[in-house]
Amino acid sequence: MRIARALPELLGPVALIAAAGLLGTAVSVSTGAYFTNALVNVAIVVGLYLFVGNSGVLSFGHISFVAVGAWTAGVLSVPASDKPAIMPNLAHFLRDRTVGNVSSLALAALVGCVCAFVVALPLMRLSGLAAGIATFGVLEITHNLLRYEERIGPGLNSFSSVPETTGLRQAALGAIVTVVVAFAYGRSRFGRLLRATREDPAAARAVGISVYRQRLIAFTLSGAVAGLAGGLYVHLLPLTTESVYLDLTFITLAMLVVGGATSLWGAVVGALAISALDSYLAIAENGTSLFGWNIDLPAGTRVIVVGAVMALLLILRPSGLTGGREFRLASLGVRRRTP
Amino acid sequence: MTLGFLSVTFWQTLADGLALGSIYALMAVGIGLVFGVLRLVNFAYGQLVMAGAFALALASQWNWPVWAGIALCFAAVLVLTLLMDRLVFRPLRGRSPAVMLVATFAVAFLLQNIALLWFGPLGKIAVSLSSLNRPVTISGVDIRKFAIVAVAVTIVCLLLLNVLLERTSIGLHMRAASMDFDTARLLGVRANRVIELAVLLSGMFAAVVAVMLTIQSPLVTPDFALDDTIVVLAGVVLGGMNRPIPATLGGFSIGFASGVLGGALPTNQSEYLPSFLFAAVILVLLVRPGGLFARKSAAERV
């Protein structure tokens, strides 16, 4: 019964993702690529939401797990014949093994999960600014290691010749998987306990909740989701260490906060809204028309407009587009009387 | 290195560490002053420094005299700081720390991309003060003049700030506001004046840092001072964000550590310098979450 009442909360995000996927098939292939990218962003932001939204602790480190997932899936799915050319210093056990698309994604999630668990064991003792800076440190260390460690990846080069299997269908399915995982976690006992610690840490402790253990569980699970998202990402386009670093950290956090950090609905809406704006401006830089107006923006305006819009939204609507509330059918007009 | 502990390289590395530590200490003060009154971590601080550095580069391109270039740098940074306060910090006052931090992220991103559009990815060169990079020889050891200047400038700036905070009434107001803003307002401290002063001071420090960093590395690119800001933020939290002296010490120590490590590590390991640095930061935070120089009695928050 409880689950049945909560199902609309899942319905909204899934419907939105499906709609984006279907819309992507209706447009040209080059425009469809923007939709695929947006759906991968949804997966990353949902992973971020799972920890940040439920715990209320900012993490700058989640892109490390995206990077780790991308590296896992990427290294393992480059065809064996291409490996010596782009990754000459690769460790032997990685050089001799190649796996398929689905297994590479599963392994990406697994490695993301394990890394997040190892990182969380010490780090979840921290909170506030100390936690923020420590997770930032994790991002710096991951970036630094992946950039120079050529035994586990391409180092400074890009991940060329990874099979580009992330099309619209795989991206949409991946995003839906992450949303379902985040939903199930949020409705579970653990999700509720963690949100209790977010709302009032002292009261939560007083009733016997271990803040450390709840944060540890959420961080580990969100690491798995981020790893999966990284796997999807590396199958979409040839990544370098720079594509999974500060810019992505910043833009995904902004998507989460712009959408409304405390709800799954907010994470999905924020990711799709900012991606839509960003993609539209990217197309407009190449010249397009809207309602008969010819729009041809100078190159580089895209990032400036996106930055300005995000700053404006944060100032004008700090609780996010959704106000941090979950999707409800009631908001579509089916009003229910409040008791 | 056969001469051992007190070799020539040792002293040069030490001087470089002190110079970088001093610059980072100034950045830490700039970030800490605003945090004190607004509880806002200004991630866009590095972009203020970047703007000042571009002002210096433009001045040297137009062949302006050095003093005019420095004046332009101060003017540009201060105008930008005040604009940032009016347009971003003020509407955000009292919001949750996450929203404020992400908003300053957005501002940083915005400013960096404006610089990218305006000046291009290759950047410009500021040559006006590069004569300070020449060494002076002190008992057989070559030390860059810049290291001495950086330490001296930092000491003077910090002493002036100390006089302002300890000996004037507005300084007293500022200290009161950073202890407890609401109570300070009830006692008649004017919030806007205190905040504006803190923001202005933080801008002045950014301008000083811009001048010094361009001497150290004259090539000014849109991501100028970005990495430094991240390291300084780590240092400030490491020292203890809530009080100015620990924050400054934190900034100094991380700059000193990074300067010394950069000189001392063998070349095949120096590319892993950020890893060593941030691993150390994480370790210290785990042992002393409230900051390295925080009072022991400070209550631990959940």
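Student: How many helices and strands does chain B have?

Tutor: Chain B has 12 helices and 4 strands. Helices (H or I, at least four residues) and strands (E, at least two) are DSSP runs, numbered from the N terminus. Before we go on: this is a predicted model, where local features need pLDDT of at least 70, side-chain atom pairs count only at pLDDT 80 or more, and totals for chains, interfaces and linings use all residues. Residues are numbered from 1 along each chain as its sequence is written, and chains are lettered from A and ligands numbered from 1 in the order in which they are written.

Student: And how many helices and strands in chain A?

Tutor: Chain A has 14 helices and 2 strands. Its radius of gyration is 20 Å, close to the 20 Å that the globule rule gives for 339 residues, so chain A is as compact as a globular protein of that length. That radius is taken over C-alpha atoms, and the rule is 2.2 Å times the number of residues to the power 0.38.

Student: What radius of gyration does chain B have?

Tutor: Chain B has 19 Å, which agrees with the value near 19 Å for a compact globule of 302 residues.

Student: What are the spans along the principal axes?

Tutor: The C-alpha trace of chain A spans about 65 × 60 × 35 Å. For chain B the figures are about 60 × 50 × 35 Å.

Student: What share of the contacts joins residues at least 24 apart?

Tutor: Take contacts between residues at least 6 apart in sequence. In chain A, 81% of them join residues at least 24 apart. In chain B, the share is 75%. Two residues are in contact if their C-beta atoms, placed from the backbone, lie within 7 Å.

Student: Switching to helix 2 of chain A. How many residues does it have, and how far does it reach?

Tutor: Helix 2 covers residues 29–55 of chain A, 27 residues in total. From first C-alpha to last, helix 2 reaches 39 Å, close to the 39 Å expected at 1.5 Å a residue. The expected span is 1.5 Å times one less than the number of residues.

Student: Where does helix 2 of chain A bend?

Tutor: At A:Y49, by about 40 degrees. The bend is the angle between axes fitted to the seven residues ending there and the seven starting there.

Student: What comes just after helix 2 of chain A?

Tutor: A:G56, with a positive phi of about 75 degrees.

Student: How many residues are buried in helix 2 and in helix 3 of chain A?

Tutor: Helix 2 of chain A is mostly covered, with 21 of its 27 residues buried. In helix 3 of chain A, 15 of the 16 residues are buried, so that helix is largely enclosed by the rest of the structure.

Student: Now the interface. How many residues of chain A are in contact with chain B?

Tutor: 36 residues of chain A are in contact with 36 residues of chain B. Helix 7 of chain A gives the largest share of the chain A side, 12 residues. By class, the side of chain A that touches chain B has 27 nonpolar, 6 polar and 3 charged residues. Here Ala, Val, Leu, Ile, Met, Phe, Trp, Tyr, Cys and Pro count as nonpolar, Asp, Glu, Lys and Arg as charged, and the others, Gly among them, as polar.

Student: Which residues have the most contacts inside the largest nonpolar core?

Tutor: A:V46 and A:A254, in a core of 205 residues. Helix 1 of chain B (residues 8–38) gives the most to this core, 17 residues. Such a core is a set of buried Ala, Val, Leu, Ile, Met, Phe, Trp, Tyr and Cys residues joined through C-beta atoms within 7 Å.

Student: What is A:A254 in contact with?

Tutor: Leaving aside neighbours within four places in sequence, A:A254 is in contact with A:I274, A:M310, B:V102, B:F105 and B:A106.

Student: Last one. Is B:A225 buried or exposed?

Tutor: B:A225 is buried, with 27 other C-beta atoms within 10 Å. B:A225 has a positive phi of about 70 degrees although it is not a glycine.

How values were computed
A residue is buried if 20 or more other C-beta atoms lie within 10 Å of its own, exposed if 12 or fewer, and partly exposed in between; C-beta atoms are placed from the backbone.
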